[in-house]
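User: Got a minute to go through some helix packing and aromatic contacts with me? Here is what I have open.

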Amino acid sequence: MDDLKLDTYRGIDMPGLGRRRIDVWVPQEYSSSPNKHYPVLYMQDGQNLFKAKPRIGKGWEVPANVQALSQSGKIYAPIVVGITSTLNRMGDYMPQKPMQSEAALRYLEDHLRQINFGMPGGLRSDIYLRWLVEKVKPLIDEKYRTLTDPQNTVLMGSSMGGLISLYGLCEYPDVFGGAGCLSTHWPIGGDYLLDWFTENLPKPGLHKLYFDHGDQDLDQAYGPWQKKMDAIIEAAGYSAGKDWLSLFFEGQGHAECFWAGRLQIPLEFFFSAETRGAL
């Protein structure tokens with residue numbers, strides 16, 4: 001979209017976390033519908049969502065995906081908030097509470113060595129989520145016409161971004177009503193993660209969960225872990241197809257081009273015009 005316009009906010013500070021940047025995209029009809037309020041989608045790795053870049057190509061193509069569904073009447077288009085990740089991406093996005101034991105930390109450190117990644121700022125996901133809830137969401141609700149309830153406030157991300165999105169929903173179930181987790185990187189926390197989510201998933205009925213994965217490159221390791229997580233969600237009482245989706249995409253891998261290609265599925269799952277009625 002050549003006419004893409006973003007509102008950029010820099011230097012949103014949080015003690016212990018530092019300054020962060022967010023980019024905000026509003027649907028095309030926002031300015032012409034002054035009485036309408038909008039759901040909000042908070043997305044991780046904001047630098048990869050809106051504009052093409054050499055390493056990632058076109059990225060997630062979020063505006064094009066949202067507008068295509070909105071114009072066809074399939075969704076109520078959300079405002080999209082892209083939260084830029086940092087050099088401490090692993091530490092910001094790794095769910096903190098599941099990794100508190102010495103055994104869990106050793107498991108995490110071993111995995112990071114295997115994939116040649118580090119956490120230069122340490123585990124900070126709890127303060128990252130607090131920043132999102134206490135600083136970012138109030139800013140967005142103040143400056144834009146938003147629907148502020150959990151049903152209309154969704155987190156989404158891929159890989160580690162999927163983990164922090166699910167963790168955020170579990171930690172703040174009264175703030176977030178949905179978590180979209182694409183190509184979720186379960187191996188980094190393994191059973192320590194799954195055990196924690198087993199005990200801390202919100203009760204079914206008020207929240208929606210979306211998962212998917214492929215079978216190429218990093219994604220080829222996700223299938224067994226996702227099956228375990230699916231069993232946990234099913235045992236918790238979530239209704240498949242209604243408040244929980246878990247999909248597999250043969251031949252797809254761990255890259256923005258694949259996430260962009262299937263983004264419309266979680267968008268429609270969370271923001272369906274058919275199931276929401278008039279907003």
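User: How do helix 5 and helix 6 cross, left-handed or right-handed?
Analyst: The crossing of helix 5 and helix 6 is left-handed. Keep in mind that this is a predicted model.

User: At what angle do helix 5 and helix 6 pack, and how far apart are their axes?
Analyst: The angle is about 30 degrees, and the axes are 10 Å apart. Helix 5 covers residues 160-171, and helix 6 covers residues 190-200. That angle makes helix 5 roughly parallel to helix 6.

User: Which residues meet there?
Analyst: From helix 5, L163, L166, Y167, C170 and E171. They meet L193, W196, F197 and N200 in helix 6.

User: How do the residues of that contact divide by type?
Analyst: Into 7 nonpolar, 1 polar and 1 charged.

User: Which aromatic cluster has Y167, W196 and F197 in it?
Analyst: Those three form one aromatic cluster together with W186 and F211.

User: Switching to pairs. How many aromatic pairs does the structure hold?
Analyst: It holds 13 aromatic pairs. One of them is Y30 with Y144.

User: Why is the pair of Y30 and Y144 edge-to-face?
Analyst: The ring planes are at 65 degrees, and over 60 counts as edge-to-face. The ring centres lie 6.4 Å apart.

User: Where do Y30 and Y144 sit in the chain?
Analyst: In distant parts, 114 residues apart. Y30 is in the loop between strand 2 (18-25) and strand 3 (40-43). Y144 is in the loop between helix 4 (125-143) and strand 5 (153-158).

User: Are Y30 and Y144 buried or exposed?
Analyst: Y30 is buried, and so is Y144.

Notes: Residues are numbered from 1 along each chain as its sequence is written. This is a predicted model: local features need pLDDT of at least 70, side-chain atom pairs count only at pLDDT 80 or more; totals for chains, interfaces and linings use all residues. Side-chain values use heavy atoms; hydrogens and water are left out. Axes are lines fitted to C-alpha atoms, for helices over the stretch in contact, and angles run from 0 to 180 degrees between N-to-C directions. Helices (H or I, at least four residues) and strands (E, at least two) are DSSP runs, numbered from the N terminus. Angles under 35 degrees count as roughly parallel, over 145 as roughly antiparallel, 65 to 115 as roughly perpendicular and the rest as oblique. A crossing is left-handed if the near helix is turned anticlockwise from the far one by less than a right angle, and right-handed if clockwise. Contact means heavy atoms within 4.5 Å. Ala, Val, Leu, Ile, Met, Phe, Trp, Tyr, Cys and Pro count as nonpolar, Asp, Glu, Lys and Arg as charged, and the others, Gly among them, as polar. Rings of Phe, Tyr and Trp (its six-membered ring) pair if their centres lie within 6.5 Å; planes under 30 degrees apart count as stacked, over 60 as edge-to-face and the rest as tilted. Buried means under 20% relative accessible area, exposed over 50%, partly exposed in between (1.4 Å probe, protein chains only).
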